[in-house]
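Subject: Structure handover

Hello,

Here is the structure I said I would pass on. Please have it open while you read the notes under it.

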Amino acid sequence: MNNVNLNDISLFVTVVQAGSFSKAEEITAIPKSRLSRRISELEKNLGTALIGRSKKGVVLNEVGEQFYLKAKEMMQAAQLALDSVQHRLSEPSGLLRMSVSTEIGRGILMHHLAEYRERYPGVRLAVEINNKRVNMIHEGVDIALRVGVIDDENVVARKLTEIKFGLFAHQDYLQKHGTPSSPHELHQHSLLYKYDGIEWQFSHKGHQVHIQPHSSISSNDANFLGKMVADATGIALLPIFDTMILPNMVQILPEWEIPTIPLYAVYYKNRGAVPTVQSMVAFLREKISA
């Protein structure tokens, strides 16, 4: 009895369900001669016959019928066990670490994380807000949201959207200092500049203007500059996010086009098959791209 092969029990169930060795051969792609030998080996190890062969196919004896019912239950239980493991492996769970700048974190990411958590309650999120580009390997970061060109051949970059920009000032500032009618007049104003941001380039009807702002206040955080604009301190080039553009802010020179900048979800190639990484990237592409 200890020599019984579980694979033979599985083949026995298959043969009985197929009704004949010939049909079982078609299902399993195992020659019926080999199937017959395995069933004979099973009967030998059990110490009793289970089936009889006839021209119509296999016929179970009384012992075979009882054994078949229990064997079928065993195979179903084994399949349930396999399915539960596969579901566990495919269902996003565990810790997912993300790195994002303050602008992207407040302007985009934070608006969607509640829905992500509802969809994937088994995932724990650790979101690092940092305007300096972190080393993803050293910091243990699974996904980083980054803007601009990604030139690292070791990572996968999935584009999420194009971020739009605009020039903004508080209405009180404009009432006091006037509203510029062209980019050339910006030098007459107090400019708030993101020193690691995009260049101030404008185009309108084929005419292009590049401005090198001599700013009264500069920062690496657009949220900081947005607060300065809200305090009527000057004019800033800001990403057009609902959280940053407040009701009393006025967009200046809206007819002049400003280059957009791409936003990517970035992860290392060896992390691409991890369910948590897959789920977050797919979720962000679904929500942000829309």
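This is a predicted model: local features need pLDDT of at least 70, side-chain atom pairs count only at pLDDT 80 or more; totals for chains, interfaces and linings use all residues.

Strand E3 (residues 94–100) and E4 run parallel and are joined by 7 bridges. Within that pair, Leu96 stands opposite Leu125 in E4.

Sheet with E7, E8 and E11 to E13

Another open sheet, also of mixed pairing, has 5 strands in the order E11-E8-E12-E7-E13. Strand E11 (217–219) and strand E13 (249–252) are at its edges with a single partner strand each, so one side of each has no neighbour in the sheet. Neighbouring strands here are turned by 35° against each other on average, with direction ignored. Strand E7 (residues 165–170) and E13 run antiparallel and are joined by 4 bridges. His170 stands opposite Met249 in E13. Helix H9 (residues 222–230) lies across E7, strand E8 (191–194), E11, strand E12 (235–239) and E13. The angle between H9 and E12 is about 135°.

Helix H3

Helix H3 (residues 32–46) has 15 residues. From its first C-alpha to its last it reaches 21 Å, close to the 21 Å expected at 1.5 Å a residue. Which residues of H3 are buried? They are Leu35, Ile39, Leu42, Glu43, Asn45 and Leu46. Seen down the axis of H3, the buried residues fall within an arc of 165°, so they line one face of the helix. Just after H3, Gly47 takes a positive phi of about 85°.

Salt bridges

The structure holds 10 salt bridges.

Glu286 forms a salt bridge with Arg119, and the closest N and O atoms are 3.0 Å apart. This pair links distant parts of the chain, with Glu286 in helix H10 (residues 275–289) and Arg119 in helix H6 (residues 113–119), 167 residues apart. Both ends are partly exposed: Glu286 has a relative accessible area of 40%, and Arg119 is at 33%.

Glu286 also meets Lys287 in a salt bridge, at 3.7 Å from N to O. Lys287 is partly exposed, with a relative accessible area of 24%. Glu115, Arg119, Glu286 and Lys287 are linked in a network of salt bridges.

The side chains of Asp142 and Arg271 meet in a salt bridge at 2.6 Å, N to O. Asp142 lies in the loop between helix H7 (136–139) and strand E5 (143–147), and Arg271 in the loop between strand E14 (261–268) and H10, so the pair ties together parts that are 129 residues apart in sequence. Is Asp142 buried or exposed? Asp142 is buried, with a relative accessible area of 8%, whereas Arg271 is partly exposed at 29%.

Positive phi outside glycine

Two alanines deserve a look in the backbone. Ala29 has a positive phi of about 65° although it is not a glycine. Ala29 is found in the loop between helix H2 (21–28) and H3, and it is exposed, with a relative accessible area of 69%. Ala232 also has a positive phi, of about 60°, and is likewise not a glycine. Ala232 is found in the loop between H9 and E12, and at 26% relative accessibility it counts as partly exposed.

Regards

Technical notes. Residues are numbered from 1 along each chain as its sequence is written. Side-chain values use heavy atoms; hydrogens and water are left out. The expected span of a helix is 1.5 Å times one less than its number of residues. Buried means under 20% relative accessible area, exposed over 50%, partly exposed in between (1.4 Å probe, protein chains only). The arc is that of the directions from the helix axis to the C-beta atoms. A salt bridge is a side-chain nitrogen of Lys or Arg within 4 Å of a carboxyl oxygen of Asp or Glu. Two strands pair if DSSP finds at least two bridges between them. Axes are lines fitted to C-alpha atoms, for helices over the stretch in contact, and angles run from 0 to 180 degrees between N-to-C directions. Contact means heavy atoms within 4.5 Å.
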